[in-house]
Amino acid sequence: MPLFQNAVKQIFLLILITFSAVLKAQQKIPVQHRYADFSATSGTSQQSLAASYNFNWRLGKSKKFELGLGIRNTAYFGLKKEFWTAPARLARTSTTPFLIFFAMQKIENWDTLTIQRPFTNSLNISLNFGYNISKKLYAGFNIDAIGFTIGRTTSGILQSNGSTRTESAAKPAAFNLLLTGDHDLGSLNSEFHLNYNLNNHWSIKGIYQFLFVEYRTTTILQTAPDGTMNERFRNKANNGGLGVVYHF
Amino acid sequence: MNKYLITVIVSLVFFLTACKKETTTSAAPATDIVDQTSTVVVMGNFIAGPFGSASGVSEVRRASNGSLTLVLKNFTVNSGPDLHVYLSKEVQPVNFIDLGLLRSVSGTQVYNINGNPDFTQYRYALIHCQRFNHLFGSAELKK
C-alpha cells in the first residue's frame, strides 16, 4: 500500500511539474495573439487604407506558425480606373474551382469600364496565416473571406464592341465572398506582409497588396459575344504600402 | 519608437499623395491652323450646358484626302476638370466618340476624327467633364 501511495505521489508530482512547465512556456509565448493594424497602400492612380483587428493562434511546438481570423475595413479610392469583365464564365477558359487559377484569360470577352472616381468601403472577415521568422521578424499573408461593401456611385465609360458609352451610375458590388480566382464576388483585400517588431507592442510592416474591387453598371450592360448580358466589372489592384501593428 | 512611428506616418502620407494622374486644359488661347481647303460637313453653335458656359462655333470638316476634323472656332468655355471633346448621339452623352482632352478653354482648335461617323446619328459636339459626368456645352451639328 505505501508503495502504491508513493507511486501516486510521484505521478502527481510529475503531472504538476509537467503542467507548470507547460504553463511557464505558455507564459513566455502566449498561444493567443491579438493585434490591431493600420495599413496604407498606393498604386497607379489608386490608394487604399485598411484597419483591422485580428485574433491568431500560435501553432506548433515552437509556436512559430500562426493562424487566425480578423475583421478588416478597407477603403479604396482611385481616379479613372479600368475595371474589366468580371464573371468567371466570361473572363476565363475554365471555371473549375481552384483550376481557374491556371485557366487562360478570354481577353476577347473582356470589355472595359473606366470608373471615374471609384471609392469603396468594405468590411470583411479575413483569414490570417503567418510565420515568426525570428523574435523581430514575422512574415504573413491575409485575405478577406466574406463581408459587404458600400461606396460611391459614380459615372463610368464602357468600351464595348467598338462603342463608347457613358454609364451614369456605376455602383460598388455590395456582397463580398472569397471563392477562387475570378469566381470571387465583390471587394476583397489580401496582403503579403513582413513585420518588424519594434518592441512587445509595436511593429511596422511592409505590404504587397492584391485587392479585388468590383463595380456594377446600372444603366447600360455589356453584351458578351455569347449573347449574354453582363453588369459586373472588376479591378485587380497591385499596390505596395506600409503599416503599423499594435499587439495587445 | 516615436522616431519609427513618425517615419511610418510620413511615408504613409507620401504614399497617399503620390501617383495622382492629373488631366488639365490650358488657360492660354489655342491657335490651331484650320485647313482652308477642307469643306464643312456639318456645323453648329455652342450653347451653355448645365455646368458650364461654352460659346463659339463647331464645324466638322472633311479634307481633300477624306480625313475628318472637328474645328472649334471663336471658342470659349469656363475652366473645369477633365474636360473632353465628344461627338455624341445625345446631348447628355450616352453613345459618343471621345476626341480627347480639351486642349484649351479658348481659341481655335482642331481635333482629328477617326473613322467615318454617321453625322445623322452623331448630332452633337460636346464639351464634357468626364470625371464628374457634367456637361459644359453642346453644339447641335447641322448641314
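Student: What makes strand β8 (residues 154-160) of chain A and β9(A) a strand pair?

Tutor: DSSP finds 6 bridges between β8(A) and β9(A). Two strands pair if DSSP finds at least two bridges between them, so β8(A) and β9(A) count as a pair. The two strands run antiparallel. Within the pair, A:T154 stands opposite A:A170.

Student: What are the ground rules here?

Tutor: This is a predicted model, in which local features need pLDDT of at least 70 and side-chain atom pairs count only at pLDDT 80 or more, while totals for chains, interfaces and linings use all residues. Residues are numbered from 1 along each chain as its sequence is written, chains are lettered from A and ligands numbered from 1 in the order in which they are written, and side-chain values use heavy atoms, leaving out hydrogens and water. The model scores ipTM 0.78 and pTM 0.81.

Student: Which strand of chain B pairs with β9(A)?

Tutor: Strand β6 (residues 95-101) of chain B, antiparallel, through 2 bridges. A:R165 stands opposite B:N95 there. β9(A) also has 2 bridges to strand β12 (residues 202-216) of chain A, again antiparallel. In that pairing, A:P172 has A:Y215 as its bridge partner.

Student: Why is β9(A) called largely enclosed?

Tutor: Because 7 of the 10 residues of β9(A) (residues 163-172) are buried. Buried means under 20% relative accessible area, exposed over 50%, and partly exposed in between (1.4 Å probe, protein chains only). For chain A, buried residues make up 47% of the 248 residues.

Student: Why is A:K205 called buried?

Tutor: A:K205 has a relative accessible area of 3%. That value falls below the cut-off, so A:K205 is buried. A:K205 sits in strand β12 of chain A.

Student: Which side chains make polar contacts with that of A:K205?

Tutor: A:D37 does, at 2.5 Å, and A:E191 does, at 3.0 Å. A polar contact is a pair of N or O atoms within 3.5 Å; within protein, one must be able to donate a hydrogen and the other to accept it, and residues adjacent in sequence count only if both atoms are side-chain atoms. Leaving aside neighbours within four places in sequence, the contacts of A:K205 (heavy atoms within 4.5 Å) include A:S39, A:H193 and A:G243.

Student: How do you know whether A:D37 is buried or exposed?

Tutor: A:D37 has a relative accessible area of 10%. A:D37 lies in strand β1 (residues 32-43) of chain A. The side chain of A:D37 also makes a polar contact of 2.5 Å with that of A:S52. Not counting residues up to four places away in sequence, A:D37 touches, among others, A:A50, A:N54 and A:V244.

Student: How far apart are A:D37 and A:H247 in sequence and in space?

Tutor: They are 210 residues apart in sequence and 8.6 Å apart in space, C-alpha to C-alpha. In chain A, residues 24 or more positions apart account for 68% of the contacts with a separation of 6 or more.

Conventions: Helices (H or I, at least four residues) and strands (E, at least two) are DSSP runs, numbered from the N terminus.
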